[in-house]
Every structure is written in structure tokens, then in C-alpha cells.
Amino acid sequence: MASIRSLIQATPARQALYHLISGNALVFILQIIGLYITLTYYSRSALSLYTLFVTLTYLSTKLTTLRLPELIIREPDEVRVQSSAGAIMTLTILLTCLLLVVYYLLAKAGVHFQLFTDVRLSTLFPLFGLAVIMSSLGQLTANLLLKQDKTRQLSTGRILKAASQVIIMILLISQPMYGLILAWIAGLVMEIVYHVIILRSYPLQWASLTEVISLIRSNKDIIYYTLPISLLLSIHDNIVVQSIEYYYGPAVLAVFAVVDRVLRLPSQIIGGAAAQVLYKYGSDTYHQSSSQYSKQLTRGLRRISVLFGTCVLGCMVLAYPVFDWVFDGKWSDASDYLVKYAWWILPFSLIAVLRNVPVMLKQQRRYFFLELLLVATLGVSLYLVGSRYSIETYFMVKYGVELVFFIAMIWIVMRMVSVRSRDL
């Protein structure tokens, strides 16, 4: 036991990875409980509405933060970190207000994103506004915790969010349409309240417009490339969700939401933690020795590929027995897709780990064009398929296009690291 503990605590990076993965593992258990509650007690229409709501919220969060919270991690000067945090908070609140006005006017004009219909606008729009501001500020406070090496507290906040969501889901079973949305928002609120308590000795102050503009000008690379890449990822998810709802209806979207959530779990538990640690601590190794960083990255990807490969096999083996046993065959169509597309876990999770590498190398441009081409190809392909073919063909095209591009992305990122290590 002592040797295992000493191995975990051997370096700050390993300790951070341990905190994040262990926290994500507990979050995973809570999410499984939440998934069981969702599929047992909530309708497919409620799940479909929740999926649309969350997807649009994440896209909006990218627009209100401009991905600027990420600069906190790479900024070495503590004084500038604190002033930048205040400027980011100010910008986030201002952009949130502006974005909500735009969304409201669009909804009134008939562009309701399949969410803000006339019947739902007065009820759902205020919840959406609260979700966007909580999600945006949550990203800022989470990056501040990571910057201060408070990975244990960061994981605790995630656990608190997931636990709150499960509890509220149970309490709101009698609210079949909005219960899932209300539970998710409650989790966001609990997480950011906890973050604020932990950061109470690190007060965020309102910044002037001049400070906000200066912050944007000094971090142009994030605005030019990192933000567009992030937006493309959200647009990618919105294209899939919106097109399934449009072409095949809410019942089919509910099935996809289950499949997508399960397939993303390994990335959320392992890949998310690895990506954060790689971004924060990998840059130190890279600046000391780029060739050593290249070797460590390659070795680490081999090891983590084994974990993701194990997740693929586990998904294929357990999908039918778990869903048939727990849900009495009511979601057998989800099991079919989980077994058929379990392989997607491996390339998707690997690229999730590697997405921050171009940011660290300041070579986002080459990677950006791949993301742009993926979204364009996927959008055109799904439009052509959705208007003519069945959902089975739709999924074949979706996962097939993503596979080709994920492989290309992994290759080009590793190529970037290899070339840079030789040049330096």
C-alpha cells in the first residue's frame, strides 16, 4: 500500500491525475445512477428536450467565454492571472446578456432551435439563461482551481454537481418534461457555489472595459484558433442532435442520447483528466526537453490506448446483458448501437486527450482546418442521408466520417510533436 501511495504522489502531475480520475470515477457511478433514473422514470420526449437544451447551452458557453479561461493555465504570473480572471468574469457576464437578447429575438422571429417554441419560451428561456451563466462562470472557477493545483477540490465540485443532479432528478420525477433540465441546472449551481467557497480568498473583481479589451488583444491566438475549434466541436454536436430530432423525431433522439452518453463515458472519466494534466504539466516537460516530451507522450498514449481498448470490449460484452437486465429490454435498440459502434470510444477518446497539444505548441491553425473540414463534411453528409435514408444508414455515415477524421487528427497532432522535437 505504501509503495502505491508513493507512486501516486511521486510527482505533482501523477497526484493531479489520480485526483481527477478518482473523482471522475465517482462521477461515473453517479451518472450511471442518473441514467437509470432517466431511462426508468422519464419519457423519451423529456430526454430529447434535455439533450437539445444541454447541447445548446454548451455551444452558448463557448460564445460567452471565448475560451479565455484557458489562458489562466498557461499564464505564469500570478498577478496577471488574478487580473485576467476579473476581466474574463466581466466579459462573460456582458456577453451572456448580449447572447440571451439575441436568442430571445430569434425565438420571437421563429428561430427557436426546436427548444423555445411559443408554448415553452416563457418557461424554458429563463432556465436557459441561468444555465448559460452558471456553465460559463463554472469554467472560469474550475480553471482557477486547476491553476492553483487544487485538483482534489476540483474533483469534489464535480462529484457534488453529479450528486445534486441525481437527488433533484429523484425529487422531480413528478415533473416529467422539465425535471431533467432543472436537475442539471441545480448541479451547475451547487458546483459553482462550492468553487466560490474554495476560492473565497481569491476574490474576483469587476474589470473595466479597457482591461477586457486589453485581455482580448493579448490573447489573440485563443480568439483566432482555440475558440473557433471549440465552437466547431459544439456545432458538430448540435448538427447531429438537431438533425436527428428533425429527421427522425424525439424518440430516436432519446435513443441516440443514451448511446452517445455511454460511448463518451471513458473519455469523460479518463480522457478528460489526462487532457487537463497533459495541458498543465506537459508544457513544463516540453519547454525543458521537447524530445523527452515526445517520448513521454507516445508512451503515455500507448498505455492509455489499452485502457480505452478495454472499455471498447467492456461495452460490447455488457451492453445487451446490462440493458436487458436493468431495463427489461425496453432500450434494446440502444444496446444494438452500443455493440455496433463501441469501437468509436478509442479514436474519440484519444483525440479528446490530444486536443490541447496544438494549443500548447501554438500550432492550432493546421488542426483547425481539420475540425472545420470535419464539420462541413459531416453536415453535408447527414443532410443528404437524413432526407433519404433510415437511421441505421445515418449512424453508419456519422460514425464513419468521424472515424476517418479522428484518425487524421491523431496522426497530425503526433506529427506536430515529432517535427517540433526534431527542430528544437
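Helix α3 is largely enclosed by the rest of the structure, because 18 of its 22 residues are buried. Buried means under 20% relative accessible area, exposed means over 50%, and partly exposed lies in between, for a 1.4 Å probe and protein chains only. The model is a predicted one, in which local features need pLDDT of at least 70 and side-chain atom pairs count only at pLDDT 80 or more, while totals for chains, interfaces and linings use all residues. Residues are numbered from 1 along each chain as its sequence is written, and side-chain values use heavy atoms, with hydrogens and water left out.

**Helix α3 and its partners**

Helices here are DSSP runs of H or I with at least four residues, and they are numbered from the N terminus. From its first C-alpha to its last, α3 reaches 32 Å with its 22 residues, close to the 32 Å expected at 1.5 Å a residue. The expected span is 1.5 Å times one less than the number of residues.

Two packed helices are described by the angle between their axes and the distance between the axes. The axes are lines fitted to C-alpha atoms over the stretch in contact, and the angles run from 0 to 180 degrees between N-to-C directions.

Helix α3 (residues 44-65) packs against helix α10 (residues 220-248) at an angle of about 160 degrees, and their axes are 9 Å apart. The two helices are therefore roughly antiparallel to each other. Angles under 35 degrees count as roughly parallel, over 145 as roughly antiparallel, 65 to 115 as roughly perpendicular and the rest as oblique. Among the residues that make this contact are L52, L56 and L59 of α3 and L227, L231 and I235 of α10. Contact means heavy atoms within 4.5 Å. The residues of the α3 and α10 contact divide into nine nonpolar, seven polar and three charged. In this division Ala, Val, Leu, Ile, Met, Phe, Trp, Tyr, Cys and Pro count as nonpolar, Asp, Glu, Lys and Arg as charged, and the others, Gly among them, as polar.

The axes of α3 and helix α5 (residues 78-108) come within 8 Å and cross at roughly 130 degrees. These two helices are therefore oblique to each other. Their contact is made by L56, S60, L63, T64 and T65 of α3 together with L91, T92, L95, T96, L99 and Y103 of α5. By class, this contact has six nonpolar, five polar and no charged residues.

**Individual residues**

| Residue | Relative accessible area | State |
|---|---|---|
| H195 | 0% | buried |
| L144 | 1% | buried |
| R67 | 15% | buried |
| D149 | 44% | partly exposed |

H195 is placed in helix α8 (residues 179-198). Apart from neighbours within four places in sequence, H195 is in contact with G138, T141, A142, L145, L154 and G157. L144 belongs to helix α6 (residues 121-147). With the neighbours within four places again left aside, L144 is in contact with I72, V81, A85, L199, Y202 and L204.

**Backbone angles**

Most residues other than glycine have a negative phi. Just after α3, L66 takes a positive phi of about 55 degrees. R67 is not a glycine, yet it has a positive phi of about 60 degrees; R67 lies in the loop between α3 and α4 (71-74). D149, also not a glycine, has a positive phi of about 60 degrees, and D149 is found in the loop between α6 and α7 (151-171).
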